[in-house]
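Please open the model in your viewer and keep the selection tool at hand. This tour goes from one selection to the next and says what is found at each stop.

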Amino acid sequence: MTVTFSHDTEHALGTLVRLVNTLPGPNNQVDTLETLEELEKFVHEQEFSAVGNLTESDLEDVRALRPLFSRVFTTGSDAEAAAMVNAIVASGTTTPRLTNHDGHPWHIHYSRDGSTLTCRITVECGIALAQVISAGERERLRRCEAPDCDDALIDLSRNRSKRYCDARTCGNRLHVAAYRERRKASGE
């Protein structure tokens, strides 16, 4: 059975991965969400609509979400993941409503108009994770399998075969290294 998530769920999952991957780690040695300018860039890239002027408080609050969401990618069970997601969503204010903005068909937004960016990320990304877990698809929440990377990824492939956060970087680097090793072993 193939599970299909809505456009908004997939977008929220993409936003979540991008947010978690701003944390420093083996692939990304520096924090890439340290300044207000970096937060504004994140908001623009993730196409958040109706976001007012961002403040240092917004930056601090969004940065605080990252470790909470990050743990969901490495937890050992559905029950642990569900407890984490429930705690995350409970910290936001949800007011589900139907909307059809920007040429998109009718869909559900889970946060109120005028909610803070932090509340919107908390609720929208938390509900998207809840949908993945409730669909029995938690194994789609992964970490990159490259030995020098631990970036988060969402595997939305049909056969659940995605192994790397980015096939062009981590995937290609490992494939090239394996190819060179095979050539070396064969004496070429």
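A crossing of two helices is called left-handed if the near helix is turned anticlockwise from the far one by less than a right angle, and right-handed if it is turned clockwise. The model is predicted, so local features need pLDDT of at least 70 and side-chain atom pairs count only at pLDDT 80 or more, while totals for chains, interfaces and linings use all residues. Residues are numbered from 1 along each chain as its sequence is written, and side-chain values use heavy atoms, with hydrogens and water left out.

**First stop: α3 and α5**

Select α3 (residues 56-72) together with α5 (117-134); helices are DSSP runs of H or I with at least four residues, strands are runs of E with at least two, and both are numbered from the N terminus. α3 passes α5 in a right-handed crossing. On the α3 side the contact (heavy atoms within 4.5 Å) includes Val 62, Leu 65 and Phe 69, and on the α5 side Ile 121, Thr 122 and Leu 129 are among the residues taking part. Sorted by class, this contact holds 8 nonpolar, 3 polar and 2 charged residues, where Ala, Val, Leu, Ile, Met, Phe, Trp, Tyr, Cys and Pro count as nonpolar, Asp, Glu, Lys and Arg as charged, and the others, Gly among them, as polar.

**Second stop: α4 and α5**

Residues of α4 including Ala 81, Val 85 and Ile 88 meet residues of α5 including Gly 126, Ala 130 and Ile 133. By class, this contact has 9 nonpolar, 2 polar and 1 charged residues.

Now show α1 (7-20) with α3, and look for Leu 16, Leu 19 and Val 20 of α1, which meet Val 62, Leu 65, Arg 66, Phe 69 and Ser 70 of α3. This contact has 6 nonpolar, 1 polar and 1 charged residues.

**Last stop: the largest pocket**

Which residues lie nearest the centre of the largest pocket? Select Glu 47, Ser 49, His 101, His 109 and Arg 120, which belong to a lining of 26 residues. A pocket is found on a 1 Å grid over the protein atoms alone, as an open set of points where a 1.4 Å probe fits, with protein on both sides within 12 Å along at least five of seven lines, and lining residues have an atom within 4 Å of a point. The lining divides into 5 nonpolar, 13 polar and 8 charged residues, and its largest share, 5 residues, comes from α1.

Key: Axes fitted to C-alpha atoms, helices over the stretch in contact; angles between N-to-C directions.
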